[in-house]
Amino acid sequence: MSQRKIPGSLFLIGFMGAGKSAVSACLHKRYGMELLEMDQEIERREGMKISRIFESRGEEYFRRAETDLLGELQGRSGLVVSCGGGAAMRPENVALMKQAGRIVLLRAKPETILKRVSENDDRPLLRGRKTAEGIRELMDRRSPVYEAACDLAVDTDEKSVDEICREILNRVREDS
Ligand code: S3P
């Protein structure tokens with residue numbers, strides 16, 4: 001694998017549970033990229049969990065915080081940004097990501113997502129939707145937007161986190 005530097009930053013997008021956090025943590029630890037986990041950063045700034053932000057301030061407030069954060073990343077380089085699953089749904093956010101680097105979509109089947117999210121209750125948009133059908137329904141609405149936004153897409157089902165990282169880095173470097 002070439003060690004050529006990736007221009008700009010990498011923005012990992014995709015459905016909740018697609019592996020954005022695990023893959024970005026690996027790109028940070030094993031491949032030395034600087035990590036920004038959007039949800040965690042917003043939680044840190046607001047001093048509360050995402051679920052609490054949705055309850056007390058509303059989803060729109062959270063969405064504005066996402067856009068503000070992406071706006072702050074302009075001109076930075078070498079970051080891997082783990083985006084919340086809804087971040088790429090706003091055209092202005094996609095434009096900000098494109099200006100700052102490459103957008104990588106992590107794809108996963110609803111059944112895979114269900115396995116990955118079943119233990120965790122922190123995602124307000126999955127409440128009452130934790131079945132393969134419930135996930136598929138939301139995914140069908142989001143996938144066309146994710147697919148249109150991304151510069152490259154990686155299927156994650158049945159792959160290890162390290163395999164996914166290597167695939168991303170190889171493909172990004174091939175395109176550079
Ligand atoms: C959301 C995904 C979550 C988090 C919030 C909303 C979404 O992030 O930002 O609960 O709209 O898909 P993850 O994709 O990291 O779970």
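Author: Let's begin with overall size. The radius of gyration is taken over C-alpha atoms, and the globule rule is 2.2 Å times the number of residues to the power 0.38. With 176 residues, a compact globule would come out near 16 Å, and this protein chain has 15 Å, which agrees. Its C-alpha atoms fill a box of roughly 45 × 35 × 30 Å along the principal axes. Please note that this is a predicted model: local features need pLDDT of at least 70 and side-chain atom pairs pLDDT 80 or more, while totals for chains, interfaces and linings use all residues. Residues are numbered from 1 along each chain as its sequence is written, and side-chain values use heavy atoms, with hydrogens and water left out.

Reader: What is the pattern of the protein chain along the sequence?

Author: Helices (H or I, at least four residues) and strands (E, at least two) are DSSP runs, numbered from the N terminus. Here there are 8 helices and 5 strands, and they follow the order β-α-β-α-α-α-β-α-β-α-α-β-α.

Reader: How many of the residues are buried, as a percentage?

Author: Buried means under 20% relative accessible area, exposed over 50%, and partly exposed in between, using a 1.4 Å probe and protein chains only. In this protein chain, 49% of the 176 residues are buried. As for contacts, meaning heavy atoms within 4.5 Å, look at those with a separation of 6 or more: residues 24 or more positions apart account for 73% of them.

Reader: Where do the buried residues of helix α1 lie as seen down its axis?

Author: The thing to look at is the arc, which is that of the directions from the helix axis to the C-beta atoms. In α1, residues 20-29, the buried ones are Lys20, Val23, Ser24, Cys26 and Leu27. They fall within an arc of 155°, so they line one face of the helix. Their packing partners are β1 (9-13), β2 (34-37), β3 (79-82), β4 (101-107) and α8 (161-175).

Reader: And which residues of helix α5 are buried?

Author: Helix α5 spans residues 91-100, with Asn93, Val94, Leu96, Met97 and Ala100 buried. They cover an arc of only 160° around the axis, which puts them on the same side of α5. Pro91 and Gln99, on the other side, are exposed. The buried residues of α5 pack against β1, α4 (59-72), β4 and α7 (132-149).

Reader: Strand β4 came up for both helices. What does valine 104 contact, leaving aside its neighbours within four places in sequence?

Author: Valine 104 belongs to β4 and, at 0% relative accessibility, counts as buried. Beyond those neighbours, it touches Leu10, Phe11, Leu12, Ile13, Leu152, Val154 and Ile168.

Reader: Is arginine 102 buried or exposed?

Author: Arginine 102, also found in β4, is buried, with a relative accessible area of 16%. Arginine 102 and aspartate 151 are 49 residues apart in sequence, yet 6.2 Å apart in space, C-alpha to C-alpha.

Reader: Which phi does glutamate 158 have?

Author: Glutamate 158 has a positive phi of about 65°, although it is not a glycine. You will find glutamate 158 in the loop between β5 (152-155) and α8. There glutamate 158 is exposed, with a relative accessible area of 77%.
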